[in-house]
Structure formats: C-alpha cells, structure tokens
Amino acid sequence: MRIAIVDDSGMRASILRDALLEAGYDDIEVFAPHGAFVARLERMAPDIVLMDLGDPSRDSLEEMLTVSRALERPIAMFVDRSDEAMIGAAIDAGVSAYVVDGLRKDRVKPILELAIRRFNAFAALRAERDEARNALADRRKIDQARTILRGSRGLSEAHAYALLRSTAMSNGRKLVEVADALTTAHALLQPPKGGAR
C-alpha cells in the first residue's frame, strides 16, 4: 500500500512514519504542504493520505480539504483540536477519518484501516446513487419518446415502446440512445416559439 503523509512538522510526520513501519507498511512518502505538493501527491498516486494538521488554522484546514476533494482517495486527518464547523467541513470534503487528539503510534494502523473501509463504503454508495440517477434519467427519456410516438403515430404505450426497442435492436444502439435521438429530432421539428423564424 502506498501511503502519503502530509505534514509540515517533521516530528509528527516521524511518529506517523514509525507507526506505519512498525505495522508493516514501507511504501511511505512525506509531503510538506507547501508549493505544488498536490501535483506531487497526484503523481505518487497513494492508496491513502494521512494528514496531520496539528492545530490548524481555518486557512490550512481549507487548503487540506481542497486536497481531499482533488485526490479522491481515503484520507485520515489528525488534528489536535476541533469544533463542529471543522468536523462538518472535513466530512463534506470527503475525509474518511477525522481524528482529534489521536496521534499515537498504537492508533495509526486501526485508523488507517477504518479510513479505507469508510472511503470504500462511501464510494460504493456514491456509485449506487449515480447509477440510480442515470437509470431514472434514462427512464424519463424513454417515457418522453414514447409519449411523442403515441401522439404523432397514434400508437398505444406498449406499441410505442416496442417500436423504440425494435429500432434500437436493429440499429445496434441502446434504447435510451434511440429515445434521446427521437426527442431531439422532435424538438427540432417543432415550430419556433413566439413566431420567430
């Protein structure tokens, strides 16, 4: 597992690095959060990022949350103190584990494992949500195309669907692609609104 540590304190970074080495992880790179470190992080393509912010200012927290959004990787964030706004911002940015006052060697491995599990669970939920949204959008396009066929050709709902389906099959296209093409063509053939020419 490739692990990136983002920390501007050498002492804190060494605590994390030592804990990871003791836990059997050896592909570790430490990044100071300065300059073009996000680009360097992206080139490394870590499996997980551990951010130790110590006592973060609002600006440094915002910067780290921007990193979280950009990387789309599990991120465990360690801070010495926090408040509800900071926790909320971290969760909204996709931080998988937000640990307050928890930088101890014996806690690093379980926190790392938790961050990975939570990230994977949320990624699966996002994928399911996106799939459901796409299916609903496809369903709406197909329904709209059926309505157009029913109105223009006088077909029943079942016959309109059968026509869409057979057209898709005979052209080697998806049903939603045929429905989308029909809806687009129908919109183009409608008279302009407001009498414009």
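Predicted model: local features only at pLDDT ≥ 70, side-chain atom pairs only at ≥ 80, totals over all residues.
View 1. The volume of the largest pocket is about 310 Å³. Among the 14 residues of its lining, those closest to the pocket centre are Ile91, Ala93, Gly94, Val95 and Arg126.

**View 2. Helices that contribute to the largest pocket.** At least two lining residues are supplied by each of helix 3 (58–71), helix 4 (84–92) and helix 5. Helix 5 provides the largest share of the lining, four residues. Rolling a probe the size of a water molecule over the atoms shows where empty space is left.

**View 3. Crossing of helix 1 and helix 5.** Helix 1 spans residues 10–22 and helix 5 spans residues 105–153; their axes come within 8 Å and cross at roughly 70°. Because angles of 65 to 115 degrees count as roughly perpendicular, helix 1 is roughly perpendicular to helix 5. On the side of helix 1, the contact is made by Ile15, Leu16, Asp18, Ala19, Leu20 and Glu22. On the side of helix 5, Lys105, Val108 and Leu112 take part in the contact. The residues of this contact between helix 1 and helix 5 are six nonpolar and three charged, with no polar residue.

**View 4. Salt bridge between Glu113 and Lys109.** Eight salt bridges are present in the structure. In the salt bridge that Glu113 forms with Lys109, the closest N and O atoms are 3.9 Å apart. This distance can be set against the cut-off for a salt bridge, by which a side-chain nitrogen of Lys or Arg lies within 4 Å of a carboxyl oxygen of Asp or Glu. Glu113 and Lys109 are both in helix 5, and because they are four residues apart, about one helical turn separates them.

How values were computed
Residues numbered from 1 in each chain as written. Heavy atoms only, no water. Axes fitted to C-alpha atoms, helices over the stretch in contact; angles between N-to-C directions. Parallel < 35°, antiparallel > 145°, perpendicular 65-115°, else oblique. Contact = heavy atoms within 4.5 Å. Nonpolar A, V, L, I, M, F, W, Y, C, P; charged D, E, K, R; others polar. 1 Å grid on protein atoms, 1.4 Å probe; cavity = no way out; pocket = protein on both sides within 12 Å on 5 of 7 lines; lining within 4 Å. Points joined across faces, edges and corners; volume = space filled by probe spheres on them.
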